[in-house]
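Welcome! Let's walk through this structure together, one question at a time.

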Amino acid sequence: MLFSDKIKQLRIDSGKRQKDLAKAIGVDVPAYSRYEHGERRPKREQVLRLARIFKTDPDELVAMWLADEAYSHIAHDKMATRAAALLRGVLDGNQPEDPAQQTVQATQTPTIQRDLVSKLGRMPRLLHGDAADVMPHIEDESIDCIVTTPPYWRRRTQGTESISAKSADEFINQILHVMREAYRVLKPHGSLWINMGDDTTDGFVQGIPWRIVLAMIDQQRWHLVNEVVWNKITTSPQGSHDHLRKVHEFLFHLVKDDDFYYNDAELRHACAIILRNDDKGRNKSSRVKEQYLQPDSVQGVVPGDVWTIGVQRSGIAHYCVAPDTLYRLPIIATCPRDGIVLDPYCGTGTACKIAYELNLRSIGIDINGDYIRQARASIEQKPLSLF
C-alpha cells in the first residue's frame, strides 16, 4: 500500500473529512486532496501530525512516507529491482555479496550539503559541472523559475556535453533524472520551461521531447500548462527527399501545482515592447509575427503559443545561443520579484544574464568550462530591464 492510499484509508476509518485534516495540518483542502491522490507529498512534520490525529504508529506512517518517496524515484527505471536490493543491504547494514555492489557501498558519499541558494548574491552563480551532480546541492523548494535547453540527442559530437547516452532511451532517462531534481528544488508556485528539439533517425522522427514530457507527467507528477512551438525561421540545410525540413522546436511550460505564479500583465507589457522594437527594426533576431503576438486594445498584447524567433548564432563552432526572447518572456511571466532562476544546462548563460538584468538572482550549471567562462565574462553591471 502506498502512503497516499494509507492516509486515505485512515481518514475513512476515522470518519473525518478532508476539510478537518487540512485545517489540522495547516494546508488548504486542494493541497490535502493531492496528498491522498499521490500528486504531492506532505512534509515530515505534517505526517507526524496525521499519525497523532489517526492514533496510529508514527514510525510506521513515516516509514511508508519515506518508502513512497523512494518508490516514486525508481519505480519506472529498468534498474529498480537492483537498486531496491542495494538499498535493503545498505539499510540493514549487510555487505552485499555482489562485488560490484560492495564497491558501490564502500564508496558511499557523506550527506550532501544543500546550501547553494543560501549563498547566492546579486551576481549569478555560474557552476562548472554536470547538472546531475550539482543540483543535489540546491535546497528543497528554493527555486522560483527554471528555464533551460538540455543537450540535443545526437546533435553535438564535440565531447563537451553532459549527456553521454548511447541510445535514445538512455538519453531520455538521463534527462528525466535531472528533471526529477528540478521537481525537488522548484517551489510549489514555481515553473519549469524546457526547450527541446527532436531527432530523426533513419528517416523517422523519434518524438523525444514528447516522450520526455509525458514521462515527467506520468512518473514525476508534473503538470503541463503549455507547449509552445518555436518557429526558428531558418535552420541548417537538411538534404532529404522523403520528409519535410524541420524548422521548429518545442518549449514546454510545466508546473508542480495548479496555484503557480503567473504575471500576465508583465508578460503582455514585455510583448508590447518586443512588438514595437520589431516594427522599428531594432530586434531583427526576433522577427515577431502575428501568430506570436495578437494586439488587444484593452489589455495589451496577447501572446500565443507559436513563437517566431530567429536563431541566434554565436562565435562557437557548432553552437547556437538561446535567443534572448525565448528565455526572457518565460522569466518575466513566471518568476516573481526577488525570485531565483535556475538553468541546469546554461551554456553561455543566456538565462542568467536575463535574470541579472531583471534584478533576479540565478544559478547556471554547465559541464563545459569554456561556456562558463564566457558566461562570466559577458555579464556586466546593468540597470534594471525596461520590462
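A salt bridge here is a side-chain nitrogen of Lys or Arg within 4 Å of a carboxyl oxygen of Asp or Glu. The model is predicted, so local features need pLDDT of at least 70 and side-chain atom pairs count only at pLDDT 80 or more, while totals for chains, interfaces and linings use all residues. Residues are numbered from 1 along each chain as its sequence is written, and side-chain values use heavy atoms, with hydrogens and water left out.

Q: Which residue meets the side chain of Lys187 in a salt bridge?
A: Lys187 lies in strand β3 (residues 186-196), and its partner is in strand β2 (residues 143-148), 43 residues apart; strands (E, at least two residues) and helices (H or I, at least four) are DSSP runs, numbered from the N terminus. The N to O distance is 3.2 Å. The partner is Asp144.

Q: Is Asp144 buried or exposed?
A: Buried means under 20% relative accessible area, exposed over 50%, and partly exposed in between (1.4 Å probe, protein chains only). Lys187, at 22%, counts as partly exposed. Asp144 has a relative accessible area of 2%, so the answer is buried.

Q: Where does the salt-bridge partner of Asp257, Arg40, lie?
A: The two side chains meet at 2.7 Å, N to O. Asp257 is in the loop between β7 and α11 (264-279), 217 residues apart from Arg40. Arg40 itself lies in the loop between α3 (29-36) and α4 (44-54).

Q: Which helix holds both Arg328 and Asp324?
A: Their side chains form a salt bridge of 2.6 Å, N to O. Arg328 is buried at 7% relative accessible area, whereas Asp324 is partly exposed at 28%. They are four residues apart, about one turn of the helix, and that helix is α12 (residues 324-334).

Q: How many aromatic pairs does a search of the whole structure find?
A: Rings of Phe, Tyr and Trp (its six-membered ring) pair if their centres lie within 6.5 Å; planes under 30 degrees apart count as stacked, over 60 as edge-to-face and the rest as tilted. Searching the whole structure on that basis gives six.

Q: What kind of aromatic pair do Trp210 and Phe250 form?
A: The ring centres are 5.8 Å apart. Trp210 belongs to helix α10 (residues 208-220) and Phe250 to strand β7 (residues 248-255), so the pair ties together parts that are 40 residues apart in sequence. With 70° between the planes, the pair is edge-to-face.

Q: Why is the pair of Phe250 and Phe252 stacked?
A: Both Phe250 and Phe252 are buried. Their ring centres are 5.5 Å apart, and the pair is stacked because the planes meet at 25°.
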